[in-house]
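Subject: Structure for your review

Dear colleague,

My findings follow directly after it.

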Amino acid sequence: MSAKAISEQTGKEFLYKHICTSAAVQNRFRYANVTPETDLDRLAQDHPWLLTERLVVKPDQLIKRRGKLGLVGVNLDLNGVREWLKSRFMRETMVGKAKGVLKNFLIEPFVAHKQEEEFYVCVYASREGDYVLFHHEGGVDVGDVDAKAKKLLIGVDEKISEDCVKKELLTHVPNDKQVVLSSFIVGLFNLYEDLFFTYLEINPLVVTKDGVYVLDMAAKIDATADYLCKAKWGDVEFPPPFGREAYPEEAYIADLDAKSGASLKLTLLNPRGRIWTMVAGGGASVVYSDTICDLGGVNELANYGEYSGAPSEQQTYDYAKTILSLMTREKHPDGKVLIIGGSIANFTNVAATFKGIVRAIRDFQVPLKEHEVTIFVRRGGPNYQEGLRVMGEVGKTTGIPIHVFGTETHMTAIVGMALGHRPIPNQPPAAAHTANFLLNSSGSTSTPVSSRTASFSDNRAKVEASPAKKDKAGAPIAKATTLFSKHTKSIVWGMQTRAVQGMLDFDYVCSREEPSVAAMVYPFTGDHKQKYYWGHKEILLPVYKNMSDAMKKHPDVDVLINFASLRSAFDSTVETMQYPQIHTIAIIAEGIPEAHTRKIIKAADKKGITIIGPATVGGIKPGCFKIGNTGGMLDNILASKLYRPGSVAYVSRSGGMSNELNNIISRTTDGVFEGVAIGGDRYPGSVFTDHVLRYQDTPGVKMIVVLGEIGGTEEYMICQAMKQGRITKPMVCWCIGTCATMFSSEVQFGHAGACANQASETAVAKNKALKEAGAFVPKSFDELGEIIISVYDDLVARGVIQPAEEMPPPTVPMDYSWARELGLIRKPASFMTSICDERGQELIYAGMPITEVFKSEIGLGGTLGLLWFQRRLPRYACQFIEMCLMVTADHGPAVSGAHNTIVCARAGKDLISCLTSGLLTIGDRFGGALDAAAKQFSKAFDSGMLPMEFVNKMKKDGKLIMGIGHRVKSINNPDMRVQILKDFVKQHFPSTQLLDYALDVEKITTSKKPNLILNVDGFIGVAFVDLLRTCGGFTRDEADEFVEIGALNGIFVLGRSMGFIGHYLDQKRLKQGLYRHPWDDISYVLPEHMSM
């Protein structure tokens, strides 16, 4: 949602902080807030003026007409405020149809004034600009301000002035107050613009000789502008409408939504209700709510919500478990139903989202059965067959009654089944698998010639794009009637490889001669080529860093498909409109601030550019062109016959519902001629009539379908055009959101624009007006298909539409990745790994989520245990590993590894090169003794050889005992590193048999020479073998295998890497120059035969 109501306190705080006016604004920041947690005595200490001034107290809970309802206490002292609150605070109150508890009050200073000092001012947004309403008689009896108030429109990008305010608004205001009021109104309007308000009303605004007083305020801000206004807004709380509590679960889902690129919404209507919904899609969620209410379920409807925009399996799981948790808290005598519905998805992987829901159902299977929950599922879209399969499977394995349906079933049919109004089919018809549409059954790899390029009703009509007409200089340019043809070329902004491949596959199946995507623009990489498939062949599409290069090299492009994020969509769209060759722009992003959208609309209207969106999936013209992900994947394109034109054109707000219309129209008529989803924002770039009038002027279109929605007044423009005879083709219309009038409190639906601000904007009122204007309007969405088929059959009977023979489309090979997703193929993996998995919601080390790694505080040693040994090791083992890393970290600059690192660093090489130089010296002679010592001592011990026998054998074989001997340290000058490790091992290890054996060997070797001690490498080697064999985590074979494959040398490599990096950084910090070895340290000798 974009426009969100804020509390009066928040609105006044914004005004007091940021308004810039010469008018003296009084009582700045003088307000106190009373909530259930408030101590009134402490409140008086924090706000001393409460004890000395007369006061006003009122609830601050988005309640309109508080004065008329007796909810304002006026001219009271603090004790009077206490008494006034006693009968109201925390009491249940009816306001209209809404029943709620009064629990948040605002106390402000009372302002004594005369009636003639009260004024009314309001600023609100519209498509064409912002209106300023002013009336010279404000207060509780202001009445119908829309009829009485003076009105001033400040167009988009226009400025307000004091002179204009005086002239247009203040004609009935005394001269002595005009200067103050004009300055305040200009300051208020600038504040409204700067802080992205969408509505700001002050009534009354009091002007006395002392200055201006803002007594009562109501306001809404554009929540999507948070990224622009965060510094000025701070952390804004958006209170729920009066009569609906704010639940922590709603806040949890809102937080998930904010952290996700997907859309996740939840509103609790009646937590004790028996009908719960989990619907995919902003438009579809409204349709399901409508149908539930139409069938008498309004009082039992527990929630409204939606998930869309391709949420991940984990996000869907989190959403589903929240709903399942809520619905299994209180039992209902009739049991409960859960409706998991949705339209046909455009790009969401249905199987992935359903797997998240299935996980949640499994987790809640016991309470779901206890609460007698029955689940009804209907869905379509990419991989929906697999999604429906896993959903049906979980019903069988858990014993929960789950009824599953696909695209063969009308979208809302499951509502009638769930509420007992419609029988539940025993075995619904099985839909064809995705793969069935895509595999070439003929065995031919050639592309068939185009079988149908025109509508069923006009096979020979050739429709070319009609370019925008150039009008006189300065005048707006007329927009094109035909937006897309078989020759339309586009540029895609953003690295949307999946969407582009989908467009190319659509082009191929439509038998286009060339791809519809000429190039891509992506500012975050340099110019390059991107590989795609054109049927069976691989092709390269250019990717440009900037728009100007793309436009110069592709002058035939006239469409931009803008996948830029909400933060950059405005700038990229404005930049694109500078190029005259562009006549259509589709803006996909959701959440663009309304002020930015209106600027785009104004510029587009001036240049004759058609804008589709924002917040849209786009549009499709069968046989010609599709925008991005519109129409879904190829299985749906083919099932809905979108590869060739039909006779029916449609326009919808919702992207998901546009795909549902593709399905309905293909099943009831000869198919779609063109379809556009204008987007769910309050101010879409193009409105219904823009497209309906194009369809009226397009010969191939024989009937038109409009799927409107609650909010806005665009549908009345269709009524007017029909009454004036501008639209003569049969119109089938339905506005979703009829349930809104049945709710006791305001509900913001999934689309930003789906909210009625007045009675005429309700879906019920618009459906009535459309019917009166002559449109075919069904009784509910359930009957939409029946109305469409009846109108279509009549057109066929009258010969207006002449159905043509159906021809098969070309086949397109299935992508390998998608075939694997569907389980159609298998291929040996190139790699196998068992220690780490980064594919899910969070990183996993050897089966342990990274969050658990930190919660368990296993440290670096424990992490190494997971990644190297695939086990969670005991605490003492983790500590021992960390100690080994510490003692092996460095041994001075003279050893070969450190020396090499230093020489390399002084030669100016980078860190990686220097570290590698040092590591390459590690081997049997330097640092590699851990493995060798472990192997030698283990072999001798395991064979039963006595320590003396072992020493003698090694001497006889002429081999060194690895891990024995030190250049400096001796039995009399022990190595403290070894001593520290020995003390720890003896204290914590369950057994030290191999270490004891090595120490016995040391006694023998030191008796011959005092420096033949068990050195640190040897100690770590034998102690590690004891650890692996006795910690209880490994079998004997596993322990021996880790020694054999070199795991112990890894300890030295990892530890010493820290020292090598330290030496590198030290040399860089000391700025040491190139190293050259001194001559006097080199013995120059002649070859032996010459010296003779």
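In this predicted model, the largest nonpolar core comprises 104 residues, and those touching the most other members are I561, M703, V705, V706, I718, M731 and F781. Helix α16 (residues 497-509) supplies the largest share of this core, namely seven residues. Because domain 3 (248-422) and domain 4 (490-798) both contribute residues, the core lies between these two domains.

When its neighbours within four places in sequence are set aside, V706 is in contact with V651, F688, V692, I718, M731, V732, C733 and W734. Another core, of 61 residues, lies apart from the one described above; F880, V887, A932 and A998 are among its members.

As to the overall division, the protein is split into domain 1 (28-110), domain 2 (118-230), domain 3 (248-422), domain 4 (490-798) and domain 5 (873-1070). Between the C-alpha centres of domain 3 and domain 5 there is a distance of 59 Å.

An open sheet of four strands is ordered β15-β17-β18-β19, and its pairing is parallel. At its edges stand β15 (275-277) and β19 (402-405); each has a single partner strand, so one side of each is left without a neighbour in the sheet. On average, and with direction ignored, neighbouring strands here are turned by 15 degrees against each other. Within the sheet, β17 (residues 336-340) and β18 (residues 373-378) pair in the parallel sense over five bridges, and I339 stands opposite F376 in β18.

An open sheet of seven strands has mixed pairing and the order β22-β23-β21-β20-β24-β25-β26. Its edge strands, β22 (528-534) and β26 (610-612), each pair on one side only. Strand β25 (residues 584-587) runs parallel to β26 and is joined to it by three bridges; I585 stands opposite I611 in β26.

Finally, there is an annotation to consider alongside the model. The UniProt record, an unreviewed entry, places the feature "domain: CoA-binding" at residues 483-592. Over residues 483-592 the chain is 25% helix and 29% strand, with the end C-alpha atoms 24 Å apart.

With kind regards

Notes
Residues numbered from 1 in each chain as written. Predicted model: local features only at pLDDT ≥ 70, side-chain atom pairs only at ≥ 80, totals over all residues. Heavy atoms only, no water. Core = buried A, V, L, I, M, F, W, Y, C linked by side-chain atoms within 4.5 Å. Buried < 20%, exposed > 50% of the residue type's maximum accessible area, 1.4 Å probe, protein only. Helix = DSSP H or I, 4+ residues; strand = E, 2+ residues; numbered from the N terminus. Domains from an automatic or database assignment. Contact = heavy atoms within 4.5 Å. UniProt positions renumbered as here; feature names shortened; annotations may be inferred. Pairing = 2+ DSSP bridges. Axes fitted to C-alpha atoms, helices over the stretch in contact; angles between N-to-C directions.
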